[in-house]
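Have the sequence and the coordinates open as you read.

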Amino acid sequence: MDFNVKKLASDAGIFFTRAIQFTGEKFGQVEKTELDAHFENLLSRADSTKNWTEKIFRQTEVLLQPNPIDNTGSRIEEFLYEKLDRTVPSRPNNEELLGHYMQDAAKDFGPGTPYGSTLIKVGDCERRLGSVQREFLQTSAIGFLTPLRNFLEGDWRTISKERRLLENRRLDLDSCKARLKKAKLAESKAAAVPDFQETRPRNYVLSASASALWSEEVDKAEHELRVAQTEFDRQAEVTRLLLEGISSTHVNHLRCLHEFVEAQTAYYKQCHLHMQDLQKELDSSNGDVFPNVFAGNPGHSMASGGSSPLDPASAVETDTLKIEEVQAPATGTRKAKVLYDYDAADTSELSLLADELITVYTVPGMDSDWLVGERGNQKGKVPVTYLELLS
């Protein structure tokens, strides 16, 4: 094993110097070279691109594979096949499995029975839906997920590496600046002319020697500073070029996003067409067994307890109430106080003024939210919520 002690000591010295510089910057004890505003904006934009790309990538994976825990075994198998450089065997997805189960059940129940024949048709539709989903997943993975993954695992790693190298070059540069500043300060102190009346000749000689040594140290520090500045400028330019490439990344991701939307649109369109075909097929074949099961009014809830639109009783109740023909009952009329002003929406309603008293009563077939109100010779429907019924 080739063990280079000098290189190890040099690397340790560089690391120690950078650590001292970094610590001094954190405590505000030493100066720090600041990057220009444009460069800082490029860094901020790159960080934002990386963070949001990572979130979009992870959530798209969740969208395309909602239950990753259920497929842990499949993922391990895929990983092994990938490492062995072999093709991953095709396996049925959830829709295709459901279709297989339905068709197998139809064989057991009897394909000639209503339930069995319907299971065959629905199972075939589920298998087609599974095939459409498989195609959508493959298209999305290739056209959308792969470019995002390539950016995170390729371009961003390169940018991160160059940014770390730039930070090291900056620490080296600032360390050289601090060393030069310290050397110049020591040189100026050593170069001060001593007082011969108060200073011994021996001290004067030592002072001159120290001044020469610090002068050499200043020259050495200036040379190291020029080298560090050159390396920093070169690395800053490399990093800048990589950061400016984020704009091209946005353009590429925009194109991939359009392709993903097109694939998603085609997927849902095909699913809708398959379900429509299945619905029509079930309507035509099962109409005698379950009439109007699939063709009912979607806006009408069977659980609401309302009567059918074809019920004669409901037709009578929904006829327009002719207020002018309504007569007040002999008993059951009550006084009511109007709570708020109300403007009649049509001629069948009665306008109201707050705090006035009117006579109200109910008539068969009227909605429970309304009453018939009378004020002198005026008559019309009034909303219950605007009234306070008096005893």
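The buried residues of helix α2 are F39, L42, L43, A46, T49, T53, F57, T60 and L64. Buried here means under 20% relative accessible area, exposed means over 50%, and partly exposed is in between, with a 1.4 Å probe and protein chains only. Helices (H or I, at least four residues) and strands (E, at least two) are DSSP runs, numbered from the N terminus.

Before going further, please note that this is a predicted model, in which local features need pLDDT of at least 70, side-chain atom pairs count only at pLDDT 80 or more, and totals for chains, interfaces and linings use all residues. Residues are numbered from 1 along each chain as its sequence is written, and side-chain values use heavy atoms, with hydrogens and water left out.

Helix α2 covers residues 37-64, which is 28 residues. From its first C-alpha to its last, helix α2 reaches 40 Å, close to the 40 Å expected at 1.5 Å a residue; the expected span is 1.5 Å times one less than the number of residues. At the start of α2, a side-chain oxygen of D36 comes to within 3.2 Å of the backbone nitrogen of H38. This is a polar contact, meaning a pair of N or O atoms within 3.5 Å; within protein, one must be able to donate a hydrogen and the other to accept it, and residues adjacent in sequence count only if both atoms are side-chain atoms.

H253 is found in helix α7, which spans residues 246-286. With a relative accessible area of 12%, H253 is buried.

Not counting residues up to four places away in sequence, Q264 touches L63 and F136. The C-alpha atoms of Q264 and T139 are separated by 9.3 Å, although these residues are 125 apart along the chain.

What faces the surface on helix α7? L254, in this helix, is partly exposed at a relative accessible area of 46%. Together with L257 and V261, L254 forms a nonpolar patch on the surface, with about 250 Å² of accessible area for the three together. Such patches are made of residues with over 30% relative accessible area and no salt bridge; nonpolar side chains (Val, Leu, Ile, Met, Phe, Trp, Tyr) are joined within 5 Å, and like charges within 9 Å.

In helix α6 (residues 201-244) we find Q235. Is Q235 buried or exposed? Q235 counts as buried, because its relative accessibility is 8%. Its contacts, again without residues up to four places away in sequence, are E162, L165, L166 and R169.

## Salt bridges

Side chains of opposite charge can pair when their charged atoms come close. A salt bridge is a side-chain nitrogen of Lys or Arg within 4 Å of a carboxyl oxygen of Asp or Glu, and a search of the whole structure finds 15 of them.

| Salt bridge | Closest N and O atoms |
|---|---|
| E54 and K50 | 3.3 Å |
| R128 and D124 | 3.3 Å |
| R375 and E356 | 2.8 Å |

R375 counts as partly exposed at 24% relative accessibility, whereas E356 counts as buried at 16%.

E54 and K50 both lie in helix α2, 4 residues apart, about one turn of the helix. E54 is partly exposed, at 29% relative accessibility. R128 and D124 are separated by about one helical turn because they are 4 residues apart in helix α5 (residues 114-190). R128 is partly exposed at 28%, and D124 is partly exposed at 35%. There is also a network of salt bridges linking R58, E61 and R149.

## The chain as a whole

The secondary structure of the protein chain comes to 8 helices and 5 strands, and along the sequence they follow the pattern α-α-α-α-α-α-α-α-β-β-β-β-β. Of the 391 residues, 27% are buried. Among contacts between residues at least 6 apart in sequence, 68% join residues at least 24 apart. The accessible surface comes to about 27100 Å², and 55% of it belongs to carbon and sulfur atoms. Accessible areas come from the Shrake-Rupley method with a 1.4 Å probe; for residues, only the protein chains shown count as cover.

Note on methods:
Contact = heavy atoms within 4.5 Å.
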